[in-house]
Every structure is written in structure tokens, then in C-alpha cells.
There are 2 protein chains.
Amino acid sequence: MDNRFKTEIVTCSIKSPIRNAVISFNEMTISVIRISYLYLGKLLNGYGFCSNGRYAQNEIVLNRFIPRIINSDLNLLIDENGILDPVKCWSVYMQNEKPGGHGDRAVAAGALDMAFWDAYAKAYEKPLWKILSEQFNQNQSDEKIFVYPGGGYYYPGKGYQGLKDEFKKYQDHGYKVLKMKVGGDSIDEDLKRIDAALSVVGKGKNLCVDANARFDLTEALTFSKAIQHYNLFWYEEPLDPDDFLSHAILAEKYNPPIATGENLFSKHGLQNLLRHGGLRPDRDWIQLDPALSYGLTHYLEVIKLVETFGWSRRRLIPHGGHQLALNIAAGLQTGGSESYPGVFQPFGGFADNYEIEEGFIRPQEEPGLGIEEKSDLYDKIKEIFG
Amino acid sequence: MDNRFKTEIVTCSIKSPIRNAVISFNEMTISVIRISYLYLGKLLNGYGFCSNGRYAQNEIVLNRFIPRIINSDLNLLIDENGILDPVKCWSVYMQNEKPGGHGDRAVAAGALDMAFWDAYAKAYEKPLWKILSEQFNQNQSDEKIFVYPGGGYYYPGKGYQGLKDEFKKYQDHGYKVLKMKVGGDSIDEDLKRIDAALSVVGKGKNLCVDANARFDLTEALTFSKAIQHYNLFWYEEPLDPDDFLSHAILAEKYNPPIATGENLFSKHGLQNLLRHGGLRPDRDWIQLDPALSYGLTHYLEVIKLVETFGWSRRRLIPHGGHQLALNIAAGLQTGGSESYPGVFQPFGGFADNYEIEEGFIRPQEEPGLGIEEKSDLYDKIKEIFG
């Protein structure tokens, strides 16, 4: 590798007092990465970071992945134009990694892969979604992307009014389908919270609930009976993500859409969900997070896999709520993208100056991921890396 | 937590020129941990380390697990005698960890949990296997444990004679069933290597082969046909560890024993293997590694799970090849333990002065894991921690 290549990685806190049904975010961190190299005399910066939920992964990036890049023959890393190719780099930094065990390593690779794709699209002076459309999607892309805010968390003293106020704020920002956490309180209490939410969003088709894998099968079935009549947009992570068989049983009993996958981390996990999870290709949603699951590079395999199983890629809505997920949704035409207008700032959310209208948003026109077009995020990144 | 509690963690290289079918070990590292605290005026040291194969995990231990211990109420961590209870500590340091994603985090917890158990058994002044026998196995235990050396790696210039010499050395040490790597060369070449190995061990029932998840289903089936007539002790990791369905198909076609599980990392993965993997309770082997899979604390759940599925715990032979796996095998009466007489030193292998006879070994009589009774390992640990 050329000695003009440089990587920096920093742990950044995204802690907050919010809770889902299983964890508190009061110690949450992510890794933020900058790669930089000279291309045709111009300094290219690529930025990447983990999605929320699984903590910083600096050790894996610094001690395992980067040395393999640094020690690699440059020709194994670049494309025909001499640009660092994210897919080739991925193959190099994943050498000497054993099969199985898709967890923190997948998160580390997700953050690093994001930085490689950002730099790559900047080298070609195109927005990432455009590159994806041209190289992997026969020039097809979406002009506007379905987005929903991953909100409705529990926090101290929030109450029904707090939830309603939060939801009204999302509506004011142009969101239509909204999501709230469940499973962190009694069913009775959660149903009251759902009623409060419905008083704002109007009907079940505008509301998702997310149990964050809190329930066992009996609890998930009980909860599903209590909410079945609402006909919600989706019932998310009702069960342990790896308990595929219980998903199959739930899907036989609960008719409205189910969503899961944010805690699967690889195509291997997804393959098992599709084989054994009994999900329904006409209604259910798959939420693997590219920034937590070996990156966009691996997400290209995820898309191939869902299509192998006869599913439409429109059933994929990546978790993560950031510019990477949005670029993927636009350029590869998935079903949409999560969004974090209120939490995990400044990493959650999208570029400035792109309005949400009726729950849809346009992807950015600027090259790369568009990190520089989200001013609070770019300010943070300049603060981190100087 | 009491301020007399202290944790130290160091990355230690166990690199070597050996290869399996998928990775080289030329950059392999592990985390080595010492916890220490005063109990009844006596300083207790507990030592733990990762098994080989998945690299050091200091960041997860230092930044996620240890702060949760340090910040915890002491009463949540100790048993009725005021001794740090490994199971209670586990529940504390796994707080705020999301479900799913069982990989590096499981390795980090495995190393830390080992240190807690070592200190715990020392506090009670008993060998760990004795504690396990008393607390979790109705005072039953095994006086001698089946062990086999995880050897037969590929390395440059080894040749058939190198393999035979290695195997003869294992036999001289008292081992009977030996294991070699396959899948790293052509089938023809591997069959010649197997013939060379058989010329030393005599019959197929004394030989295991390990493909380290190198094959897809077609390749695994092809290889299985080529070796079926040898009737080997086992055919290990023929397939990707998470591809359960392919295991089920292989198990219908290949009659002799199959072994897998070292890259599953949790009871969740094992549950899927037992549900969907088609393995046979009368002959197949499950090799989850406690030191890579959330520790002995989680392995207690693993044992419960195999018995829920109607399997005998004798079908479990933990991967890892160290004092933890041996103590588990003795005190919880699994089917045996891997051993590393030649590789991953000084962490692989067992206490000095315990001879292997006809492939069996006695567990140590000294308190704890018996780390201090393996002199090269204890020398290394003193070198690391001073």
C-alpha cells in the first residue's frame, strides 16, 4: 500500500437517557473513521461510522483490518482507474477472519467500508447513490425515498403527552409513518401509549411498534393478539433475532406485517431468517443495517440473497438512519430507510436542505455520502479530526 | 464495586506459520486478563484468556464490561460468602448489550468469565472442576478425560513425513485419537495426507479431519464421499457454521460422525444447529468453545440446551485445548476436551505433571483453573503482569 494512505479512528459518544425494551443508551459509543489518500494530486477524505446500538469497534479496525490494508500490494486494492476499490479492500481486510461469529467484527467492517465508499464516490465526483445505480442497478434509482423516524423511545418522565409531542414534531418535519418502542412496560401501559400515538398519526397504517427483541414466543404472541386489530404498519423485532422458528410461528398467527433483521449482521443470518423464519414476501420487512453488517459491500450480497429467495428488494428497509442507508435506498431501490431526526445526533439524519414531504425525501446531489452536506455532522467530524 | 478490585488486560501474540483451510495464524492474538481482589485479607488472582482463532478483544472488556462491574453495587456481584460470583458478574457486565450478534463480544466475555471463575474457585480453595461438580452436577465428575490434539496443520515444507512425525510425537505423549486439517489443498492431495496419517494411527477410528468451514455443500458432499470408507472418528466443520440446512443434507448422506460448533459462539447458534442442522444424537459432536462463547457461565446454559433437545452432554467436546475446557469436561462430564500440545503455546495444553495415557488425562488437583500448574504458561503470565 502507498504511504500516502492514512486512517484515523476515534470513539465518539452518542449517549442519551433514552431506553428501548432491552437496553439503555446511556453509555452508547460509535467509531468514527476518516481515511485519506491522494488521487491525481487531490486529497480525498472518506468518512465512515457505525450505526447506533453496538458500540465503538476501534480495536478491530486498527489491529486487524488496517494492518492488512497497509501491508497489501496496492494492485489488490485499486480499480482500473487507480482508485481504492471498496470491494477489493474489503476482501483484503477480511483475510484471516474465520467464518461465523457475525457481531462486533461486522460493525467494525461496516464503519470502515462506509469510509471507503465515501472516498470512492468522491473520486468519481458522484453521489454514492448514483454510483450504486450505475454499477449495480442498471442505471435505475429512486428520486424520493420512504423514510420513517426511529423514535418513540422510553425516557424518564416522558408520559403520553411527551410521546404525542414528539410525534407531532415528526409530522411537522414531514414524516408520515412513525415508530415507537414497546415491550419496556406492561402490555396495558404500552397499549395506552399506542392509543396516545394513534391519536396523533390517525390510523394503524401510520404506526410501527418496535419491541427490540424483548419477548419470548409466548409474550410475542400475547402482545400480537393485543395489537392485531390496529393493523399496524409493522410489528418490529418481536423476538430474539436468531430464534427463526419462533418467527415462523408468530407469522402464522399474526396477520399484519412483521419487521426484523437489524440484529442479524450478515447474509448468513438473513439466509436462516428466510429459510426458517416463515416471513411473508408480500408484507414483511427486512431491516439489516449495512453499517452494522460488514458494510455496503456485504449489503450487495444481501440484496442478491433476498432476490434468490424470490423476495423483492423493496422489502428491505435498512436500519441506521443515516446518509449511507439513504444512498443505498436511492441507488439500489430498497423499500426505504430509517431516519433519526431526534436521536443519535449528529450522526443520525440526513443532509441539510432536503425536506421530507409526506414521508419521502430526495437523496443528496453532492458527491460521496453527503456527510459534508449535514452541517452539524460535518462540524463534529472537523472537531474530531481537526 | 470495591476499590480493591483491579483488572489488567494485555494483548498477547500467539502467531505461528501454521494454516488451516481458511486462515493463516501469522497474526493471531489473544487477550490475557488478570482480575485481583482482596478476600479475607488474602489477594486472589483470577486469570483468563481467549481461545485461539478470533483475536484479542481488549476494547470490549475495557470499555464495555469492566466499567459496568466497577460502577455496580457490590451486592449485585457477590455470593453469600462475599466472594465475587462469576454468574452474577456476568449479568452485570452484559447489561446494555443488545440481543444477537454473537461474535467478538462472546470472545471478550469468554476471557473475562474465565478469570472470574479462576478467582472464585481459588476463593473456595478447590479446583474449578470440583466446584462445577458440586454446584451444577450433583457431585458427579470424571476422573479421566478424553483428549485429542488439535494438530495436523498445514505449514510450508511439511510434507507427508512432517505430518507422520508430528503424529508419532503425539502418540509418544500418550494421545490416541489425532486430528488433522483438510480442505487447504486438493482432495487428491488431502487423501494422500490422510493415508499418511492413517499409516501412523492405524485405523479411521483414531483419526479426525477438520475442514474449518472451507467447503460449500457440493464440496462437502464430494469430500464426504471420498472419506466415507475410512469411517473416521469425525469429519469436523465441513460447512459454514451458520448454514444449518446444509448440515442436515450432509448428515443424510454421510454416515460416520460429524463435528461442528466451534464457530457458533452462543446457545442461540446452537439452538439453530439442533433445530435445523439434522445432526444425530447417537454419533455427532458439538464443539462450542466456552472461552469463545460468553464463558463457562454461558456454557452452563449450553449444557441445559443440549439436554432439552434430548442429547447427552457426552456429545459435547469443547474446542479450546486449555485448562478451562478440561475443568469443564471433568466437572460437568462432557465427552472430552480438545488439546494443543504443539501449538498456541504457552496457552494451549494442560498442567505439568499430568500424563496422558491412552488418550485420557486427569484434571489438576490444585485450586482454580490450574494455570499456576502449567509452568510455561504461568511464567508467561508473570512476565505479562509483573
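Strand 2 (residues 29-39) of chain A runs antiparallel to strand 3 of chain A, and 8 bridges join them. Strands pair here if DSSP finds at least two bridges between them. Helices (H or I, at least four residues) and strands (E, at least two) are DSSP runs, numbered from the N terminus. A:Ile35 has A:Gly46 of strand 3 of chain A as its bridge partner. The hairpin has 2 residues between the strands, and A:Leu40 takes a positive phi near 50 degrees.

This is a predicted model: local features need pLDDT of at least 70, side-chain atom pairs count only at pLDDT 80 or more, and totals for chains, interfaces and linings use all residues. Residues are numbered from 1 along each chain as its sequence is written, while chains are lettered from A and ligands numbered from 1 in the order in which they are written.

## Two domains

Chain A is divided into domain 1 (6-125) and domain 2 (135-373). These bounds come from an automatic or database domain assignment. The C-alpha centres of the two domains of chain A lie 24 Å apart.

In chain A, 32 residues of domain 1 are in contact with 36 residues of domain 2. Contact requires C-beta atoms, placed from the backbone, within 7 Å. On the domain 1 side, strand 3 (42-49), helix 2 (86-93) and helix 3 (104-123) of chain A each supply at least two residues. Helix 3 of chain A gives the largest share of that side, 11 residues. By class, the domain 1 side of chain A has 19 nonpolar, 7 polar and 6 charged residues. Ala, Val, Leu, Ile, Met, Phe, Trp, Tyr, Cys and Pro count as nonpolar, Asp, Glu, Lys and Arg as charged, and the others, Gly among them, as polar.

## A three-stranded sheet

An open sheet of 3 strands in chain A has the order 10-4-11, with mixed pairing. Strand 10 (337-339) and strand 11 (360-361) of chain A are the edges; each has a single partner strand, so one side of each lacks a neighbour in the sheet. Strand 4 (residues 145-149) of chain A pairs with strand 11 of chain A in the antiparallel sense, over 2 bridges. A:Phe360 in strand 11 of chain A is the bridge partner of A:Phe146.

Helix 11 (residues 323-332) of chain A packs on this sheet and touches strand 4 and strand 10 of chain A. Its direction makes about 150 degrees with that of strand 10 of chain A. Axes are lines fitted to C-alpha atoms, for helices over the stretch in contact, and angles run from 0 to 180 degrees between N-to-C directions.

## The dimer

Chain A can be laid on chain B with an RMSD of 0.0 Å by a turn of 180 degrees and a shift of 0.0 Å along the axis. The two copies are thus related as by a two-fold rotation axis. Superposition is by least squares on the C-alpha atoms of residues with pLDDT of at least 70 in both. Of the residues of chain A, A:Gly103 comes closest to the axis, at 2.2 Å (C-alpha).

Across the interface, 36 residues of chain A are in contact with 36 residues of chain B. Helix 9 of chain A gives the most to the chain A side, with 5 residues. That side divides into 11 nonpolar, 13 polar and 12 charged residues. The copies meet through the same surface, because 100% of the interface residues of chain A are also interface residues in chain B.

Conventions. Contact = placed C-beta atoms within 7 Å.
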